[in-house]
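Hi,

Here is the model I promised to pass on. Have a look, and my notes on the nonpolar and aromatic parts follow below.

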Amino acid sequence: MSAYKSEFMRTLEERGFIHQLSNADGLDKLCSEETVTAYIGFDCTAKSLHVGSLVQIMMLHWFQKTGHRPIALMGSGTTRVGDPTGKDESRKVLNDESIEENKAGIRQVFEKFLTFGDTGNDAIMMDNADWLLGLNYMDFLRNVGRYFSVNQMIQRDSVRLRLEREQHLSFLEFNYMLLQGYDFVEIYQRTGCRLQMGGSDQWSNILSGVDLGRRMEDKELFALTTPLLTTSSGVKMGKTAAGAVWLNEDMLSVYDYWQFWRNTEDADVERFLKLFTLLPMDEISHLAALDGSEINEAKKVLATEATALLHGRDKAEAAAETARKAFEEGANAAGLPTIEVAKAELEAGFGLLGAFVTAGLCSSNGETRRNIKGGAVKINDKAESNEKRSLTLEDLTEDGVIKLSLGKKKHVLVKPV
């Protein structure tokens with residue numbers, strides 16, 4: 001039985017979101033007595049967030065659902081600096097046009113999980129460029145910089161590890177924690193925000209804002225982080241052999257997103273149901289109790305529920321049905337991911353090795369060769385052992401496509417154009 005009084009803290013605890021808290025009792029008391037405002041920042045480093053950011057987005061969702069006001073902060077200002085946390089080298093400096101393009105790409109996902117508006121606990125979207133880009137450097141040094149201790153800054157993991165490895169750390173990156181700390185105080189001044197949340201790798205950066213709020217505003221601000229999310233086999237969440245699992249549909253199909261969750265390791269099913277679905281805890285307990293081959297049914301529920309949150313119920317169920325037809329009936333289901341290849345290329349012979357790389361089923365010709373030797377490569381549901389094989393128009397099925405398969409779960413259709 002949780003000792004927390006507030007619904008928000010109880011929900012986060014039972015679903016496994018909490019890793020570190022600056023003042024658990026104080027935050028719990030605040031959340032049980034009033035509507036609290038909290039934010040999480042997302043730098044604009046790519047055109048889409050990936051599934052590794054989803055635990056943060058889900059935390060904002062639960063924050064709003066339990067009666068509080070979430071802020072999704074676009075970090076187009078701090079993106080111009082680059083967060084050194086967990087990096088071995090400086091992040092590529094993006095131009096303003098790329099940052100704005102990335103911001104437009106990542107903003108769209110939040111409307112799937114939050115309700116935005118101007119009243120009550122409606123969510124707010126902010127951008128730290130609104131205050132960071134207009135800063136006067138001398139004023140910032142005098143009013144903010146004087147509160148930061150270089151002695152403490154170089155002991156923070158994001159800085160210390162780079163220095164210990166004698167890897168370059170630019171003065172630009174060294175300023176990142178000052179700017180993130182300043183963000184917290186600025187957002188507090190504008191909205192009354194008392195809580196910043198994030199992943200465990202952001203703990204020291206968030207604490208810099210908590211400390212700055214105490215020094216500049218004589219106000220206690222709060223910090224809350226989630227655990228570093230890895231699979232049971234130790235792989236960082238969102239990283240796969242095929243690349244990042246993007247949240248935007250134009251960068252990863254609904255079917256592939258559904259398949260990502262369907263391929264969850266057995267030991268992760270219960271944890272992921274708690275973190276990435278809205279299913280009640282008793283239903284999750286029932287699904288988690290399944291074992292043997294029945295655990296696959298729980299994985300399908302996880303895949304459909306997680307996909308429905310991001311892409312809508314209809315698309316999620318369509319992806320589930322596509323998978324059922326492809327796996328259980330062996331059909332060339334129309335909903336499978338499809339690549340288009342020029343008809344002339346098929347007439348000349350489209351090399352099998354290149355086809356699997358182009359389809360995203362393998363990352364290189366060498367990987368395709370290894371899978372061929374392992375018996376995992378199929379063309380139109382028939383195993384293929386000849387690595388010199390080419391796809392031609394004669395391989396087209398009655399549906400006018402060629403089905404490429406890697407193992408039992410990964411399929412892509414080749415369509416001539």
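A quick term to begin with: buried means under 20% relative accessible area, exposed over 50% and partly exposed in between, with a 1.4 Å probe and protein chains only. By that cut-off Phe8 is buried, because its relative accessibility is 0%, and Phe63 also counts as buried at 0%.

Some housekeeping. This is a predicted model, with local features needing pLDDT of at least 70 and side-chain atom pairs pLDDT 80 or more, while totals for chains, interfaces and linings use all residues. Numbering runs from 1 along each chain as its sequence is written, and side-chain values use heavy atoms, without hydrogens or water.

Now the rings. They pair if the centres of Phe, Tyr or Trp rings (the six-membered one for Trp) lie within 6.5 Å; planes under 30 degrees apart are stacked, over 60 edge-to-face, the rest tilted. There are nine such pairs. Phe8 and Phe63 sit edge-to-face, 4.8 Å centre to centre with 80° between the planes. Phe260 and Trp261 have centres 5.0 Å apart and planes at 75°, so they are edge-to-face as well.

On to the packing. A nonpolar core here is a set of buried Ala, Val, Leu, Ile, Met, Phe, Trp, Tyr and Cys residues joined through side-chain atoms within 4.5 Å. The largest has 70 residues, with Leu54, Met197, Leu224, Trp261 and Phe276 making the most contacts inside it. A second, separate core has 30 residues, including Tyr39 and Trp131.

Cheers
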